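Subject: A structure for you to look at

Hello,

Here is the structure I promised to pass on, with my notes below it. Please open it alongside the text and tell me what you think.

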Amino acid sequence: MIKTLRRKIVAIAMLSTTVVLFCLIGFINIINYQNVLKQADRKIELISLDHDFQKEDLFPDNNKPPREQLPVETPFDMRYFTVSLNDDDSILEVNTSHIYAITEDEAQILALELATNQKESGFWGQYRYQMLNGMYIFLDCERELLSFKNFLFVSISVSLVGLFFVYLFMLFFSSRLIRPIAESYEKQKRFITDASHELKTPLTIIDANTEVLEMTSGEN
């Protein structure tokens, strides 16, 4: 009984800790992923306004702050390509000058495939894309996604290690927690044993006397 109670206490504590911990981790990682999407979409919007950045575009008067309150180096740190389409979904213009990994032919094939399937936003591999003003804009989010995946892996790993130590602590403290219950149970068990011994002798005598009375006086 005591061992069963101890196992139940440990199981309930571990289950509660696991649920709360992984809910927190999930919430944090969802927010982190939403921030990745938000930053990517802001950059894509910036590209849609001017997809061939120059330094003078950022500081035309040498006094203005960076566009969209993004870091100064943002335009020069982005890797992207664009594909402009006509109304009949034919290729109008392809710009791959800001990326090395994608050729113009690959960009055309990808844009036509997305246009055929009527997809206007989402992910294609590591590229976040949107259709804005008749132009598909593909932004390379490899570093951001890698950072998100690393954070997700680390948070899950740390949580599992933490749960292991919580399990060890629960095993140690659960024995102290149920010690008063175990002592009370042992006292109750000892009392029942002693009482049964004390009652055995008089009950035996009463039973013997009853049998004698039945032999002499009949059943009554």
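Asn95 counts as buried, at 13% relative accessibility (buried is under 20% relative accessible area, exposed over 50%, partly exposed in between, with a 1.4 Å probe and protein chains only). Asn95 is found in strand S2, residues 91–95; strands (E, at least two residues) and helices (H or I, at least four) are DSSP runs, numbered from the N terminus. Its side chain joins that of Ser97 through a polar contact of 2.7 Å. For that term, I mean a pair of N or O atoms within 3.5 Å; within protein, one must be able to donate a hydrogen and the other to accept it, and residues adjacent in sequence count only if both atoms are side-chain atoms.

Before you go further: this is a predicted model, where local features need pLDDT of at least 70 and side-chain atom pairs count only at pLDDT 80 or more, while totals for chains, interfaces and linings use all residues. Residues are numbered from 1 along each chain as its sequence is written, and side-chain values use heavy atoms, leaving out hydrogens and water.

Asn95 also turns up among the residues that Phe81 touches, together with Ile99, Leu110, Tyr136 and others (a contact is heavy atoms within 4.5 Å; residues up to four places away in sequence are not counted). Phe81 is buried, with a relative accessible area of 1%. In the largest nonpolar core, which has 15 residues, Phe81, Tyr136 and Phe138 have the most contacts. Such a core is a set of buried Ala, Val, Leu, Ile, Met, Phe, Trp, Tyr and Cys residues joined through side-chain atoms within 4.5 Å. Two or more residues each come from strand S1 (80–85), helix H4 (104–116), strand S4 (127–132) and strand S5 (135–140), and H4 gives the largest share, five residues. There is also a second, separate core of 12 residues, including Ala40, Ile47, Met135 and Phe148.

Which residues of H4 are buried? They are Ala107, Leu110, Ala111, Leu114 and Ala115. Seen down the axis of H4, these fall within an arc of 130°, so they line one face of the helix (the arc is that of the directions from the helix axis to the C-beta atoms). They pack against S1, S2, strand S3 (121–124), S4 and S5. The face turned away from the buried side carries the exposed residues Asp105, Ile109 and Thr116.

Now the rings. A search of the whole structure finds eight aromatic pairs; rings of Phe, Tyr and Trp (its six-membered ring) pair if their centres lie within 6.5 Å, and planes under 30 degrees apart count as stacked, over 60 as edge-to-face and the rest as tilted. Phe81 and Phe138 form a stacked pair, 4.5 Å centre to centre with 5° between the planes. Phe81 lies in S1 and Phe138 in S5, so the pair ties together parts that are 57 residues apart in sequence. Phe138 counts as buried, at 0% relative accessibility.

Finally, two backbone angles to check. Most residues other than glycine have a negative phi. Gln118, in the loop between H4 and S3, has a positive phi of about 55° although it is not a glycine, and Gln118 counts as exposed at 70% relative accessibility. Asn133 likewise has a positive phi of about 55°; its place is in the loop between S4 and S5.

Best wishes
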